[in-house]
Amino acid sequence: FLEQAVIRPRHIEVQIIADATGNVVHLYERDCSLQRRHQKVIEIAPAPNLDPAIRAAMCRDAVAFAKSIGYVNAGTVEFLLDTEGERAGKHVFIEMNPRIQVEHTVTEEVTDIDLVGTQLRIAAGETLDEIGIFQDQVRTNGFAIQTRITTEDPANGFQPDTGRIVAYRSPGGAGVRLDGATGLAGGRVTGHFDSMLVKLTCRGRDFPTAVSRARRALAEFRIRGGANNIPFLRAVLEDPEFLAGDFSTRFIEERPDLVAVTQSQERSTKLMEFLGHVSINRPNGDPPPMIRTAAKLPTIDTKTPIPDGALQHLRAVGPARFAADLRAQKALAGNVSTANLAGP
């Protein structure tokens, strides 16, 4: 193992794409410094406040690395960038992810290149030239930010929450992209799968515009039925140092107040449930106490013999006489005693 001390690092990764002929291009970088326990929380493309010379060196090294191992298809070469001390501005290779990544959406938004579609076409045997991807034509346009909406509770150590989603409303508009997972009203979040509900990717012509759009989109989310990390994400996007593009992998760790956010009290949902319950289930107030049907029947003295009825009269006089008696009586016929019928 080779170890290198990196002081207050930024986590920068370069998206590369390569075909089977050895042609490799980069799609510039993403800043993944916003992390919690080494897990990415917010990703930005391209990296804000990154020196163009450092960007060029990282992209060059990523392409050279991919070529040296004969890599084919989409992958990500990841670096740590020193920001303090004698090695400030120097980058160190940490790993390569030989796959598409969760945060690939920000690269797609700023380069207008479909990474997933490109993967499939390369796997089918096409070359980058045939697809129409050339290094001298790859450009970035503006900035894009991805935030991951999960059912984690920031105030409870980011413990994943479970339960049924009572209400779900997502944002929209220009520059807002949603990659949905399990986010829908009535859906159940279990502890057996990833806690992510949806990926929110917002773009803008500059970094402040992208941040502003992401903040607006997060504010428009309405997810009821359990805890989620939206209040935490909004707190991060409102931090002055984040807005200035000054952050490292220790950004969240150094700001415990970001996780000390309160969940929504869901007042509107509770009010709607109350109104629905009152208007549908109890439109006339509380229902009367339940009365057992048996309590409505008359009391029967089981010791007194049961008087003869129509059946006994039928058996005694026969059908012809029984019918004649029914026609002759004035009262409504029923299972009455023989006293109500004409005698023989």
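I started with Leu-271, which counts as partly exposed because its relative accessibility is 48%; the cut-offs I use are under 20% relative accessible area for buried, over 50% for exposed and partly exposed in between, with a 1.4 Å probe and protein chains only. I am working on a predicted model, so I keep to its limits: local features need pLDDT of at least 70, side-chain atom pairs count only at pLDDT 80 or more, and totals for chains, interfaces and linings use all residues. My numbering runs from 1 along each chain as its sequence is written, and side-chain values use heavy atoms, with hydrogens and water left out.

Leu-271 sits in helix α8, residues 267-281. With Phe-274, Leu-275 and Val-278, Leu-271 makes a nonpolar surface patch, and together the four have about 370 Å² of accessible area. Patch members need over 30% relative accessible area and no salt bridge; like charges are joined within 9 Å, and nonpolar side chains (Val, Leu, Ile, Met, Phe, Trp, Tyr) within 5 Å. The areas are Shrake-Rupley values with a 1.4 Å probe, and for residues only the protein chains shown count as cover.

**Salt bridges**

Next I looked at charge pairs. I searched the whole structure and got 25 salt bridges, each being a side-chain nitrogen of Lys or Arg within 4 Å of a carboxyl oxygen of Asp or Glu.

I noted Arg-10 with Asp-31, whose closest N and O atoms are 2.4 Å apart. This pair links distant parts of the chain, with Arg-10 in strand β1 (residues 10-18) and Asp-31 in strand β2, 21 residues apart. Buried or exposed, I asked of Asp-31? Asp-31 counts as buried, at 1% relative accessibility. Arg-10 is buried as well, with a relative accessible area of 7%.

Then I checked Glu-29 and Arg-55, whose side chains meet in a salt bridge at 2.9 Å, N to O. Here strand β2 supplies Glu-29 and helix α1 (residues 52-68) supplies Arg-55, a link between distant parts of the chain, 26 residues apart. Glu-29 is buried at 3% relative accessible area, and Arg-55 is buried at 18%.

Arg-148 lies in strand β6 and Glu-103 in the loop between β5 and α2 (104-111), so the bridge ties together parts 45 residues apart in sequence. Arg-148 is buried with a relative accessible area of 16%, and Glu-103 is buried at 2% relative accessibility. Both belong to one network in which salt bridges with shared partners join Glu-13, Arg-30, Lys-40, Glu-43, Glu-78, Glu-103 and Arg-148.

**Pockets**

On a 1 Å grid over the protein atoms alone, a pocket is an open set of points with protein on both sides within 12 Å along at least five of seven lines, a cavity is a set where a 1.4 Å probe fits but cannot get out, and lining residues have an atom within 4 Å of a point. Grid points are joined across faces, edges and corners, and a volume is the space filled by probe spheres set on them.

The largest pocket has a volume of about 680 Å³. I found 27 lining residues, with Gln-35, Arg-36, Arg-37, His-38 and Gln-39 nearest its centre. Strands β2 (24-36), β3 (39-45), β4 (73-81) and β5 (91-97) each give at least two of the lining residues, and β5 has the largest share, with three. By class I get nine nonpolar, eight polar and ten charged; Ala, Val, Leu, Ile, Met, Phe, Trp, Tyr, Cys and Pro are nonpolar, Asp, Glu, Lys and Arg charged, and the others, Gly among them, polar.

The second largest pocket comes to about 330 Å³. Among its 14 lining residues, Gln-39, Lys-40, Arg-148, Thr-150 and Glu-152 lie nearest the centre. Strands β3 and β6 (143-150) each provide at least two, with the largest share, three residues, from β3. This lining has five nonpolar, four polar and five charged residues.

**Cavity**

How many cavities of 30 Å³ or more are there? I count one. The largest cavity has a volume of about 80 Å³. Its lining holds 13 residues, with Thr-151, Ile-165, Gly-225, Gly-226 and Ala-227 nearest the centre. Strands β9 (163-164) and β14 (222-224) each supply at least two of the lining residues. I sorted this lining into four nonpolar, six polar and three charged.

Notes: Helix = DSSP H or I, 4+ residues; strand = E, 2+ residues; numbered from the N terminus.
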